[in-house]
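Here is a short note for a colleague who is opening this structure for the first time. Please keep the sequence and the 3D view side by side while reading.

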Amino acid sequence: MKKNTTKNTLLKENTTENTLLKIENLNKQYKSLFKSFLALKNINCKFNQGEIWGLIGNNGAGKTTLIKSIIGGLNFEGRITISGYNHDTKEAKKYISYIPEKATFPQGYSVKKYLLEISFLSGENKKEEAIKKIEYYLKYLEIYELINKKPYKLSSGQQKKILLIQALLSNPKLIIMDEPVANLDPSTRYNFFRLLKKINKNKKTSILISSHILAELENFIDGIIILKNGEIVAQRKMKKAEDLVSFYNKKLNIKTKRNNYE
Ligand SMILES: Nc1ncnc2c1ncn2[C@@H]1O[C@H](COP(=O)(O)OP(=O)(O)OP(=O)(O)O)[C@@H](O)[C@H]1O
Ligand SMILES: [Mg+2]
């Protein structure tokens with residue numbers, strides 16, 4: 001298979017001014033000793049600065065694989081650019097924050113110390129400013145009381161909130177999230193989406209979010225990509241007051257009856 005040929009290229013492609021993320025002819029094959037599996041097949045999509053896109057699909061559809069390809073965690077065939085820069089370059093990486101499906105935290109750090117380190121690594125050099133920002137987000141997400149706890153000892157929902165704060169501290173152009181709300185309680189999910197919407201509005205931060213919670217996603221996203229078994233089966237802007245569950249079921253040929261398990 002042809003490798004990602006533009007790796008380490010610093011050349012900036014001439015894109016339409018507003019295009020933030022562009023994926024062209026992406027194929028991803030997982031290989032082991034005796035077999036190979038094509039997890040993503042000819043993926044092409046793009047979206048603009050300031051937009052929020054939802055990435056949905058059945059278990060195993062390829063959402064995490066696509067996200068890992070964008071953030072530079074996998075080899076693939078094809079091309080991904082962020083603001084015209086190849087996704088693997090320093091420039092492109094500066095623009096992206098990523099919230100993974102599962103969190104891992106260093107053991108010796110408290111929440112405060114961990115987030116402070118992240119702030120400094122992201123270029124913040126005023127400690128008071130960094131603390132102000134960290135405290136604001138901790139209060140907003142209703143976990144201020146955890147400030148001196150160790151992140152690795154927190155519940156998975158609490159850890160997701162720490163990851164979100166971590167992602168926000170570097171002022172990214174694009175936040176990529178892989179099922180960030182899966183284990184958040186309903187009121188926290190609401191606050192989580194509200195905070196993201198606010199950041200999107202105020203800072204024009206783009207968001208790519210994968211989730212199975214479609215009813216909440218439909219009020220939040222501008223556009224939708226639906227993956228089925230490694231292929232894009234739908235890709236378009238959302239319509240006003242659209243019923244995403246019906247659209248998704250139609251695209252995946254799912255016939256459901258509400259609350260009927262007989
Ligand atoms: N490291 C790997 N080696 C081989 N196959 C893999 C690997 N990681 C994922 N796959 C396969 O690739 C396909 C896509 O997996 P992926 O994790 O991207 O799906 P997903 O859409 O994120 O699913 P979910 O909704 O369950 O999180 C699956 O069939 C999976 O078994
Ligand atoms: Mg996944």
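The points below go from the whole chain to single residues.

1. **Confidence.** This is a predicted model. The mean pLDDT of the chain is 88. Of its residues, 91% reach 70 or more. Where pLDDT is low, the predicted coordinates should not be read in detail.

2. **Overall build.** The chain holds 8 helices and 10 strands. Its C-alpha trace spans about 55 × 50 × 40 Å along the principal axes.

3. Of the 262 residues, 35% count as buried. Take the contacts between residues at least 6 apart in sequence. Of these, 69% join residues at least 24 apart.

4. **The core.** The largest nonpolar core has 62 residues. Trp53, Leu55, Ile165, Leu174 and Ile176 have the most contacts inside it. Helix α5, residues 156–168, gives the most to this core, with 6 residues. In soluble globular proteins, nonpolar side chains tend to be buried together.

5. **Isoleucine 165.** Isoleucine 165 sits in helix α5. Is isoleucine 165 buried or exposed? Isoleucine 165 counts as buried, because 23 C-beta neighbours lie inside 10 Å and the cut-off for burial is 20 or more. Leaving aside neighbours within four places in sequence, isoleucine 165 is in contact with Leu115, Ile134, Tyr137 and Leu138. Isoleucine 118 is 47 residues from isoleucine 165 in sequence, yet 9.8 Å from it in space, C-alpha to C-alpha.

6. **The ligand shell.** Which residues surround ligand 1? They are Tyr30, Phe37, Ala39, Gly57, Asn59, Gly60, Ala61, Gly62, Lys63, Thr64 and Thr65. By type, the shell divides into 4 nonpolar, 6 polar and 1 charged. Strand β2 (36–48) and helix α1 (63–71) each supply at least two of its residues. The largest share, 3 residues, comes from α1.

7. Most residues other than glycine have a negative phi. Asparagine 25 has a positive phi of about 45°. Asparagine 42 also has a positive phi of about 45°. Asparagine 25 lies in strand β1, residues 19–31, and asparagine 42 lies in strand β2. Asparagine 25 counts as exposed, because it has 12 C-beta neighbours inside 10 Å and the exposed class takes 12 or fewer. Asparagine 42 has 14 other C-beta atoms within 10 Å, so it is partly exposed.

8. **Lysine 173.** This lysine is in the loop between α5 and β7 (174–178). Lysine 173 has 19 C-beta neighbours inside 10 Å and therefore counts as partly exposed, since burial needs 20 or more. Leaving aside neighbours within four places in sequence, lysine 173 is in contact with Leu20, Gln49, Ser83, Tyr95, Thr205 and Ser206. Glutamate 218 is 45 residues from lysine 173 along the chain. Their C-alpha atoms are separated by 22 Å.

9. **Lysine 153.** Where is lysine 153? Lysine 153 is in the loop between α4 (127–140) and α5. Lysine 153 counts as exposed, because 11 C-beta neighbours lie inside 10 Å. Glutamine 107 is 46 residues from lysine 153 in sequence. In space the two are 8.8 Å apart, C-alpha to C-alpha.

10. **Aspartate 185.** This residue lies in the loop between β7 and α6 (186–203). Aspartate 185 is exposed, because it has 10 other C-beta atoms within 10 Å. Lysine 251 is 66 residues from aspartate 185 along the chain, and their C-alpha atoms are separated by 29 Å.

How values were computed. Residues are numbered from 1 along each chain as its sequence is written. Chains are lettered from A and ligands numbered from 1 in the order in which they are written. This is a predicted model: local features need pLDDT of at least 70, side-chain atom pairs count only at pLDDT 80 or more; totals for chains, interfaces and linings use all residues. A residue is near a molecule or strand if its C-beta atom, placed from the backbone, lies within 6 Å of it. Helices (H or I, at least four residues) and strands (E, at least two) are DSSP runs, numbered from the N terminus. Ala, Val, Leu, Ile, Met, Phe, Trp, Tyr, Cys and Pro count as nonpolar, Asp, Glu, Lys and Arg as charged, and the others, Gly among them, as polar. Two residues are in contact if their C-beta atoms, placed from the backbone, lie within 7 Å. A nonpolar core is a set of buried Ala, Val, Leu, Ile, Met, Phe, Trp, Tyr and Cys residues joined through C-beta atoms within 7 Å. pLDDT is the predictor's confidence in each residue, from 0 to 100.
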